[in-house]
Amino acid sequence: MSVLDLPTLTRILRENAGADESVDLSGDILDIPFPELGYDSLALLQAIGVIQRDFGVELDDDAASAETPREFLTVVNGGEQPSAESV
Amino acid sequence: MVITGLGAVAPGGIGIKAYWELLTAGRSATRTITHYDPSPFRSRVAAEVDFDPVREGLSPQEIRRLDRAAQFAVVAAREALADSGLAVAALDPGRIGTTLGSAVGCTTSLEQEYVVVSDGGRHWEVDHGYAVRDLYRHFVPSSMAVEVARLAGAEGPAAVVSTGCTSGLDALGHAAELIREGSVDVMVAGATEAPISPITSACFDAIHATTPRNDDPEHASRPFDRTRNGLVLGEGSAVLMLEELEHARRRGARIYAEIAGFASRCNAYHMTGLKADGVEMAAAITAAMDEARLGPDSLDYINAHGSSTKMNDRHETAAFKVSLGEHAYRTPVSSIKSMIGHSLGAIGALEIAACALAMEHSTVPPTANLHEPDPDCDLDYVPLQARVQRTDAVLSVGSGFGGFQSAMVLARPDRRMP
Amino acid sequence: MTAVVTGIGVAAPNGLGTDAYWRATLAGRGGLRPLTRFDASSYPSRVAGEIPDFEAAEHLPSRLLPQTDRMTRLALFAAEGAIADAGLRPEELPRYGAGVVTAASGGGVEFGQRELQALWSQGKDHVSAYQSFAWFYAVNSGQISIRHGLRGPSGVLVTEQAGGIDALGHARRHIRRGTPVVVSGGVDGALCPWGWAPQIATGLLSTAADPDRAYLPFASDAGGYVPGEGGAILVLEDDEQARARGARRYGEVAGYAATLDPAPDSGRPPGLLRTARLALDDAGIGSDEVDVVFADGAAVPELDRIESDALTELFGPYGVPVTVPKSMTGRLFGGAALDIATALLAIRDGLIPPTAPVDAPAAEHRIDLVTGAPRPARLRTALVLARGYGGFNSALVLRGCNDTTDSEETAR
């Protein structure tokens, strides 16, 4: 079961870590590395904290080392690749 | 600028003698947290000091007035004063200065008081009627420098230096500078920290800085080991007496070491992250070595920051290679955080105290718990066992949140090249 | 090696930005108001120097907002202003050619209170990842360093309200040892309940409800101080470099000293007078060369007496103009960095700002307190004094650069 989709992830990031003014987060960003999206490891950890809290899931350290939104969503969703619909 | 007195309050031992015994035994003082119930937290281990303020000679009013960190500092300062043999009452009070490093100040008392005035976080408009009279002393940590200054009757420049985890080194560097520029003859200088409290656990949990190795607390801090996975919080204090060399010689003082060089740099990169190349720390090392007029080949020992996080230990290893070249491979490096944990702002002073003792005893403390070296950390980290060897010139480094990188070089005063 | 100030950035309750602040200050327009940032009705002190018109999102990138306390946002605003004012491009300096030294007092208190509340009322999973640094004392130096790429020797000093002077004094050490630029000063604030309660506990806060009567340094009805938020960041620069790049020089940090008071029961005199003398000695000048004093002005009768006694001893009765423009901003946790900026602006314009709204000093204070309107004067040298809770004393001597004096003389 997919608990998190890309729009929700970008919303959580935007709300809890801000958004780089020079980046369009609404585009096709699944495979763009987080640093290019303006997010560092702290931003990810901040998002992980919120996801764990609001979605009632336990995330292991792999989530924090995800390099792209696709990797992150795959970890969060227990191995399930983000589908086109969820993007 | 020379070190003529030492005092320490450390996990596993209060007083210089117990501290040095712990370090040379290679024994870890890390354990499951007892200061509060750690069960909600991801990381539940720390290096705590078994500290009974009454037994350490603090008065009832001192105990009421002082945060745990300030209590540590007072005990360490008293030992350092006595150790130095300085008759401070005979000195000009205006020529004695004080610097004390601390990253998070009186955080333990502040959290305890917050819980009361907010009634467990129920109220945003906290009730000042429940505040202790000394709340403001906890609120601005400069109060801790005042307490230490009073012990020595010091009326010269005084300050708390608060540069995160380099606070301890920076406070000592600042003190050396005050002596060098002629503002003072004597400095009471050191650092203190008592950060083991729920809010510290919570925020380090949130950034995965502390280790989740809860089932094996004695071996949880393992700098440079392949299996390391985070730092172990510590607490404690070290205070040093510093004097100008001739001032110390005139009174026939025992001289542990000269502070021969100090430098700090910023990475201007990230509040908590480090770039793998370590160039800013390397620049601090090079500047400190230059000031000491020592070449990389003359270093006998490096006391590493070695915090046991994945990132730090690689960053630092790279910094040693950049700054010392081939000599990085030939110089013993160890991290005493493997034994006493990472006491944030205090650790730099505790490490310099350890370096001074290493020079006094010609012995290098080991890196405990280092069984499987990380292939990316390929230097001589003095695993498990202390090493008897020449220690005439040593380097100690620190790295902290905010991007601060500091390096200090100690040398025997007679060894320094003209 | 001479250290000169080439840039000033201000965030103050009576003016956001240096020009707005200086105009308000000369006009005697204060920024003390009944507290609006939290409900202060249950506290005995309800007036503060709030900055009313600072919208962080207008000045800072979005990514910085979730990770910064208000005092850090104000500090970043002031630092950007100072660097722009200096016309400095940090990327053109040597890699380690610019450092940051700031003063701190309480850290990011409001951020910290929010996270403490989250922890204790909701649980540890509600604590922000940014709490690990957003509240701590080093945060402003770190964030300024990162934002502007400043990699040189840096530092953070905590001496409560003496801190801004100590930061500049320490910055000068870095300049003298070869770092050409140090961004320095102090911007702080603790206008939240968890910052307010500890200050009330000192018994030093004014309890007057009328903002115009709440903070009256040296007045006969002085009844404590009012805290404010904000401060100033300055660019301190090696004089040779400043001249070489044709920078405008506000003035030189010519002398500095810091001391700690003796223990209260020692019977020894307070350290403020000694500190001022040491700073003048350091500048190599006598008291007769000082044209104006920016006083600490605690507005606590005993502390005011100590200060006016020191000034009378040093300069003679009514011997030098004295002013306390912080009466218009409240006392700032950033520790008198704003007073340094104000003194430099006064030297630049030949105008001493008034201690508004004080009408006159109490008769026991035999000082020439500037009140009412700004006083025109030929200013070359200013002495700035500050004290921090617990016994910290700091003094800074500022001297106008020749170019300032030249232009003034040309104008005549």
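**View 1. A salt bridge joins the side chains of C:Arg172 and C:Asp282 in the predicted model.** The nitrogen-to-oxygen distance of this pair is 2.7 Å. Across the interface of domain 1 and domain 2 of chain C, the rule finds 1 salt bridge. Polar contacts at this interface comprise 16 residue pairs, with both residues at pLDDT 80 or more.

**View 2. Helices and strands of domain 1 of chain C face domain 2 of chain C.** The elements of chain C that give two or more residues to this side are helix 1 (18–26) and helix 7 (163–176), together with strand 1 (3–12), strand 7 (181–188), strand 8 (227–228) and strand 9 (230–238). Helix 7 of chain C provides the largest share, 8 residues. By residue class, the side of domain 1 that touches domain 2 holds 29 nonpolar, 25 polar and 9 charged residues.

**View 3. The two domains of chain C and the contact between them.** Domain 1 spans residues 3–244, and domain 2 spans residues 254–411. Their C-alpha centres lie 21 Å apart. In all, 63 residues of domain 1 are in contact with 64 residues of domain 2.

**View 4. C:Trp22, C:Ile165 and C:Phe218 in the area buried by domain 1 against domain 2 of chain C.** Between them, the two domains bury about 4,700 Å², with 69% of this area on carbon and sulfur atoms. C:Trp22, C:Ile165 and C:Phe218 supply 20% of the area that domain 1 buries against domain 2, more than any other three residues.

Key: Residues numbered from 1 in each chain as written. Chains lettered and ligands numbered in written order. Predicted model: local features only at pLDDT ≥ 70, side-chain atom pairs only at ≥ 80, totals over all residues. Heavy atoms only, no water. Domains from an automatic or database assignment. Contact = heavy atoms within 4.5 Å. Buried area = accessible area lost by both parts, 1.4 Å probe. Salt bridge = Lys/Arg side-chain N within 4 Å of Asp/Glu carboxyl O. Polar contact = N/O pair within 3.5 Å; in protein donor to acceptor, adjacent residues only side chain to side chain. Helix = DSSP H or I, 4+ residues; strand = E, 2+ residues; numbered from the N terminus. Nonpolar A, V, L, I, M, F, W, Y, C, P; charged D, E, K, R; others polar.
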